[in-house]
Amino acid sequence: MKNLTPHTICAISTPSGSGGIAVVRVSGNEAFEICDKIFAFNQPEVKLADKPGYTVHFGNITDNKNRLIDEVLATVFRSPNSFTGEDVVEISCHGSLYIQQRILELLLKNGCTLAQPGEFTMRAFHNGKMDLSQAEAVADLIASTTAATHRMAVNQMRGGFSSELNKLRQKLLDFVSLVELELDFTEEDVEFADREQLKTLAVEIEEKISSLADSFRVGNVLKNGIPVALVGETNVGKSTLLNLLLNEEKAIVSDIHGTTRDSIEDVVDIEGIT
């Protein structure tokens with residue numbers, strides 16, 4: 001099989017900016033070799049390359065002049081038991097912008113390539129760790145802002161949608177097999193496929209496709225929210241209702257007709273729905 005991911009890549013995996021901690025991820029065939037050039041244990045002879053997967057190690061990140069950059073924790077993941085399916089090292093450092101950039105610079109100088117947006121997930125797909133539906137769910141999970149979008153993304157990432165597609169694919173293969181069997185022996189005037197079975201399969205396939213189409217519409221609503229308009233005559237309680245939904249005095253409430261002349265917009269989360 002052709003190696004689709006020849007380079008070892010690195011990137012800051014936590015949000016941009018400073019904070020308590022930051023994580024720099026390194027993935028690829030040379031992940032351990034490159035990290036060992038900048039990560040040092042208290043015992044110089046000890047190397048990350050010798051450590052088992054799912055282990056965390058305390059050490060120092062130093063530059064080429066042996067100057068301390070930061071005290072960090074390095075987590076080791078061995079292929080294929082990692083997010084990308086490759087050898088992975090995740091360096092947890094203090095969240096200073098300077099420290100993050102220095103660690104990234106050192107990794108790049110020692111042989112890493114800067115990861116493109118989404119490249120870690122792309123490698124996970126190429127290495128069979130997830131299918132396209134699950135890969136898409138990773139972005140949805142990161143972007144989830146409500147309980148509903150979180151549940152939907154988690155279910156899809158764990159293969160819920162993929163399982164439904166596989167069931168549909170199997171039904172289609174069964175249907176095609178039965179039809180091809182009939183076509184192969186049309187001149188023999190022999191029926192191999194039960195007509196009722198074909199009809200049942202066709203109905204099941206149609207129902208499954210309709211169900212998946214409906215789930216897309218529902219999922220789109222959960223992801224993007226539901227636009228709701230409060231419309232009515234003057235002084236019927238639109239502003240009062242809006243304030244009640246938002247739990248704040250967003251609109252002026254008055255007995256005078258036409259107090260609210262401009263449209264007022266806001267976002268509210270009701271039981272996990274935006």
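**Reading pockets and aromatic contacts**

Colleague: How many residues of the lining of the largest pocket are nonpolar, polar and charged?

Modeller: That lining has 18 nonpolar, 13 polar and 5 charged residues. Nonpolar covers Ala, Val, Leu, Ile, Met, Phe, Trp, Tyr, Cys and Pro, charged covers Asp, Glu, Lys and Arg, and the others, Gly among them, are polar. The model is predicted, and local features need pLDDT of at least 70, side-chain atom pairs pLDDT 80 or more, while totals for chains, interfaces and linings use all residues. Residues are numbered from 1 along each chain as its sequence is written, and side-chain values use heavy atoms, without hydrogens and water.

Colleague: What volume does the largest pocket have, and which residues lie nearest its centre?

Modeller: Rolling a probe the size of a water molecule over the atoms shows where empty space is left. A pocket is an open set of points on a 1 Å grid where a 1.4 Å probe fits, with protein on both sides within 12 Å along at least five of seven lines; lining residues have an atom within 4 Å of a point. Here the largest pocket holds about 900 Å³, the space filled by probe spheres set on the points. Of its 36 lining residues, V228, L230, K238, L242 and I264 lie nearest the centre. Helix α8 (residues 238-246) contributes the largest share of the lining, 6 residues; helices are DSSP runs of H or I with at least four residues, strands runs of E with at least two.

Colleague: Which element gives the most to the lining of the second largest pocket?

Modeller: That is α7, with 8 residues. The second largest pocket has a volume of about 500 Å³ and 19 lining residues, with M152, Q156, F161, S215 and G219 nearest its centre. The lining comprises 7 nonpolar, 8 polar and 4 charged residues.

Colleague: How many aromatic pairs does the structure hold?

Modeller: There are 2. Ring centres must lie within 6.5 Å; planes under 30 degrees apart are stacked, over 60 edge-to-face, the rest tilted. F39 and F41 are edge-to-face, 5.1 Å centre to centre with 85° between the planes. Y54 and F77 are also edge-to-face, at 6.0 Å and 90°.

Colleague: Is Y54 buried or exposed?

Modeller: Y54 is exposed at 58% relative accessible area, whereas F77 is buried at 18%. Buried means under 20%, exposed over 50%, partly exposed in between, with a 1.4 Å probe.

Colleague: Which charged end sits over the ring of F41?

Modeller: That of K51, 5.5 Å from the ring centre. The criterion is NZ of Lys or CZ of Arg within 6 Å of the centre and within 35 degrees of the ring normal. R25 likewise sits over F120, at 5.0 Å.
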